[in-house]
Amino acid sequence: MNKRSIQGVDVNGKTVLVRVDFNVPIRNGVISDDSRIRAALPTLNLLGEGGAKVVVSSHFGRPKGQVVEDMRLRIVRERLSELLGAPVLDAGGPNGAQPASVVSGLSSGEFALLENLRFEAGEEANTKDFSKHLASLADLYVNDAFGAAHRAHASTAGVAAHLPAYAGLLMERELEILGRALEGTTGATIAIVGGAKVSDKIQVLRHLSAKVDTILVGGGMVAAFYVAQGRSGGAVDVSDEDKSAAQGLLESGGANVVLPADVITAPEFNENSPATVFECGEVPLDGLILDIGPRSATEYARIISIANTIIWNGPMGVFEWPEFAKGSVAIANAVADNKKATSVIGGGSTAEVVGSLGLVDKITHVSTGGGASLEFLEGKILPGVAALDNA
Ligand code: AMP
């Protein structure tokens with residue numbers, strides 16, 4: 001990582017503004033998954049133990065520049081306090097005079113949490129005023145919100161122009177592991193790319209094609225690749241654009257692109273629609289490809305078992321429905337079983353697949369950022385990373 005890390009920086013007595021991603025799922029008024037809060041604890045503990053006055057900040061939901069009562073951070077603050085084993089003061093705001101008065105009362109090792117950053121319109125608009133207001137609260141800025149690093153907002157990018165700006169430990173880990181996986185150091189590097197549409201993933205496929213040895217293709221995009229090969233893609237309408245994107249990839253001379261030898265189709269896009277296995281080339285014109293088939297799952301698992309580096313983004317099928325989850329489950333198990341490989345999962349629904357199977361501990365790194373990890377794999381520069389001080 002070519003950015004300055006907060007590790008080893010003397011923060012004693014300093015006020016540190018930390019941007020985290022506490023955009024946690026809440027069901028019936030309860031946090032249903034607190035892993036984003038847990039993921040920020042190493043940085044927050046490092047700062048607290050180092051004697052900093054820690055001002056934590058996050059967005060939550062999409063209040064669009066207005067105060068929305070349901071989107072206040074109180075529940076998050078209470079959970080953070082439990083996990084830290086320390087009080088977390090309500091700093092209010094995020095704009096106006098209240099935060100400054102709460103922050104000026106903080107002692108070394110104490111924590112306060114600003115109110116939802118997106119209550120302030122200047123946050124998403126990345127205004128100079130709001131960036132300067134945030135900077136005025138602290139001596140140093142730390143960005144640990146990898147999940148929001150693909151956004152150029154005041155708290156992720158703008159503020160860094162006004163304070164010494166460091167990467168937090170989670171940010172550092174994400175950038176290092178994702179970056180190293182793409183460098184394809186030694187041995188076979190494979191990417192597994194799935195998801196709904198080829199248009200969602202074409203940039204990822206193109207970037208990965210230049211970086212890895214082999215790409216295993218799954219998900220809804222299989223149809224576009226079959227059509228590009230002159231085969232039936234089933235009932236789904238493959239646009240000319242998607243067809244030529246797939247064609248371009250097959251002919252690019254980059255990574256070896258592997259397509260499923262068989263697929264599971266159904267007549268309707270429906271959980272209970274009957275699932276049938278077809279060989280590639282025999283997909284009926286009224287069948288929707290909803291998963292890779294059993295032969296492909298075995299072949300993909302074999303390729304995964306001999307890889308040294310594995311990057312996975314996007315499920316192999318409609319994993320939310322059990323009949324069409326088998327391909328994704330087989331791939332998840334194969335990735336988890338390859339103990340010698342560095343395995344990296346690019347967030348979002350792929351993280352959900354391994355999470356639901358209890359395999360997270362068997363993966364080297366499951367990214368906390370969905371959109372951010374996707375943009376990273378596309379080779380884009382993340383504004384929240386670019387804004388940090390260079391090492
Ligand atoms: P993504 O978040 O882009 O990786 O896409 C994940 C979504 O793609 C999931 O909701 C899956 O249900 C969906 N998906 C995967 N395979 C297919 C498929 N063959 N047809 C339609 N949707 C799919």
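Modeller: One definition before the helix pairs: an axis is a line fitted to C-alpha atoms, for helices over the stretch in contact, and angles run from 0 to 180 degrees between N-to-C directions. Also, this is a predicted model.

Colleague: Fine. At what angle do H6 and H13 pack?

Modeller: Helix H6, residues 169-183, packs against helix H13, residues 370-377, at about 35°, and their axes are 11 Å apart. The crossing of H6 past H13 is right-handed.

Colleague: Which residues make the contact?

Modeller: On H6, Leu-175, Leu-178, Gly-179 and Leu-182; on H13, Ser-373, Phe-376 and Leu-377. By type, the contact of H6 with H13 has 5 nonpolar residues, 2 polar and no charged.

Colleague: What about H7 and H9, at what angle do they pack?

Modeller: Helix H7 (residues 198-209) and helix H9 (residues 240-250) pack at about 15°, with axes 10 Å apart. Angles under 35 degrees count as roughly parallel, and H7 and H9 are therefore roughly parallel to each other.

Colleague: Left-handed or right-handed crossing there?

Modeller: H7 passes H9 in a left-handed crossing. From H7, the residues involved are Val-198, Ser-199, Ile-202, Leu-205, Arg-206 and Ser-209, and they meet Asp-242, Ala-245 and Leu-249 of H9. That contact of H7 with H9 divides into 5 nonpolar, 2 polar and 2 charged residues.

Colleague: Which way does S1 pair with S4, parallel or antiparallel?

Modeller: Parallel, over 5 bridges, with S4 being residues 53-57. Within S4, Lys-53 stands opposite Thr-15.

Colleague: And how many bridges join S1 to S7?

Modeller: There are 4 bridges between S1 and strand S7 (residues 140-143), and these two also run parallel. Val-18 has Val-142 of S7 as its bridge partner.

Colleague: Last one. Where is His-150?

Modeller: His-150 is in the loop between S7 and strand S8, the latter being 165-167.

Colleague: Is that side chain's residue buried or exposed?

Modeller: His-150 has a relative accessible area of 12%. Buried means under 20%, so His-150 is buried.

Colleague: What is His-150 in contact with, leaving aside neighbours within four places in sequence?

Modeller: Gly-371, Ala-372, Glu-375, Leu-382 and Pro-383 are in contact with His-150.

Technical notes: Residues are numbered from 1 along each chain as its sequence is written. This is a predicted model: local features need pLDDT of at least 70, side-chain atom pairs count only at pLDDT 80 or more; totals for chains, interfaces and linings use all residues. Side-chain values use heavy atoms; hydrogens and water are left out. Two strands pair if DSSP finds at least two bridges between them. A crossing is left-handed if the near helix is turned anticlockwise from the far one by less than a right angle, and right-handed if clockwise. Contact means heavy atoms within 4.5 Å. Ala, Val, Leu, Ile, Met, Phe, Trp, Tyr, Cys and Pro count as nonpolar, Asp, Glu, Lys and Arg as charged, and the others, Gly among them, as polar. Angles under 35 degrees count as roughly parallel, over 145 as roughly antiparallel, 65 to 115 as roughly perpendicular and the rest as oblique. Buried means under 20% relative accessible area, exposed over 50%, partly exposed in between (1.4 Å probe, protein chains only).
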